[in-house]
Amino acid sequence: MKINKIAILGDPIKHTLSPKMHNYWLKELGISGRYEAIKTPIKNFEKTIKKLCNKDYKGVNLTIPLKEEALKYLNKKDKVVNFVGATNVLIFSKQNIIEGKNTDVYGFKKSLIKLIKNKKRKTAIIIGGGGAARAVLCALIEMGYKKINIFNRTKKNAEKIKKDFIRNFSSNLKIKIVCENLKNLEENLEKSDLLVNTTPLGMKNFPALDINIEKLKTDSFVFDLVYNPLETKLIKNSKERGIKNTNGLDMLMYQAQRSFYYWLNKKPKITNKLKKILEKEIK
Ligand code: NAP
């Protein structure tokens with residue numbers, strides 16, 4: 001029987017939740033296969049993907065520090081990968097063609113729709129100016145947000161995102177993108193329908209995202225991409241103010257679901273049972 005082989009590459013890789021999710025789905029769907037974690041520092045990346053291609057792997061997920069490095073080795077990529085400047089899914093074909101995808105846009109969008117349902121989509125704030133901020137910006141525009149403020153520690157990185165976006169997609173989009181320094185965030189909170197943290201602040205072993213969200217409207221939403229810990233200071237403060245919120249765990253599951261689909265042409269189910277398993281791993 002043919003075994004479908006898939007892996008996640010990165011360094012460090014010890015704490016990844018991806019094998020738990022994908023092996024769970026392989027079993028649930030009765031697909032013969034295995035998903036493993038392979039520690040891959042940048043210097044071994046080329047050698048590793050060539051080896052896995054030759055061994056008939058379906059593809060791989062990528063995590064730190066390989067999402068940007070991988071762009072050099074792609075034979076095929078779409079507009080989203082180009083704009084985000086990062087790929088987290090590689091699909092290998094029989095002819096050793098490597099296609100890069102970015103499923104963070106999909107993951108964020110699905111999770112945000114679950115959070116806000118049919119609520120109005122006008123103004124949003126993105127905190128951060130890295131790869132995740134770019135993925136979030138794509139998703140918010142696809143979802144119809146009209147004004148998006150990007151607040152970043154380094155303002156010029158946010159401005160670069162705006163410039164790249166206009167160059168890659170369209171210069172006549174009816175969307176206003178405003179870039180500001182993170183220091184000016186609090187005075188702008190009251191105008192926003194959605195606040196998204198895309199920085200690692202709040203993550204285990206990182207300082208907290210130290211902002212006062214008193215001015216956020218109670219009918220706005222908060223999305224923290226961090227999922228370890230499950231409850232960051234931002235999420236805790238949102239709950240205290242009665243603001244609907246989500247951490248990054250649903251996004252993680254949705255991006256994995258899309259990756260699985262790209263490799264195996266099957267859409268696995270995201271269930272409470274799976275979410276509980278992952279939450280237990282984090283705690
Ligand atoms: P990245 O490209 O390195 O960007 C990080 C951003 O955070 C940069 O804009 C950086 O600002 C800012 N930042 C970092 N440390 C900071 C600090 N001490 N104070 C203020 N700003 C700071 O990283 P990324 O790929 O965008 O990922 C960011 C986070 O999103 C990570 O924690 C990652 O785990 C999470 N993520 C979650 C999911 C999910 O599925 N839930 C998916 C993707 C990413 P500067 O521009 O000033 O350097």
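What follows looks at the cores and then at the ring pairs.

This is a predicted model, in which local features need pLDDT of at least 70 and side-chain atom pairs count only at pLDDT 80 or more, while totals for chains, interfaces and linings use all residues. Residues are numbered from 1 along each chain as its sequence is written, and side-chain values use heavy atoms, without hydrogens and water.

Let's begin inside. A nonpolar core is a set of buried Ala, Val, Leu, Ile, Met, Phe, Trp, Tyr and Cys residues joined through side-chain atoms within 4.5 Å; buried means under 20% relative accessible area, exposed over 50%, and partly exposed in between (1.4 Å probe, protein chains only). The largest such core has 34 residues, and Phe108, Leu112, Leu137, Leu140 and Tyr145 have the most contacts inside it. Helix 5 (residues 131-142) gives the most to this core, with eight residues; helices are DSSP runs of H or I, at least four residues, and strands are runs of E, at least two, numbered from the N terminus. Another core, of 23 residues, lies apart from it and includes Ile6 and Leu252.

Now for the rings. Rings of Phe, Tyr and Trp (its six-membered ring) pair if their centres lie within 6.5 Å; planes under 30 degrees apart count as stacked, over 60 as edge-to-face and the rest as tilted. Phenylalanine 45 and tyrosine 73 are edge-to-face, because their planes stand at 65°, with ring centres 5.5 Å apart. Phenylalanine 45 counts as buried at 0% relative accessibility, whereas tyrosine 73 is partly exposed at 22%.
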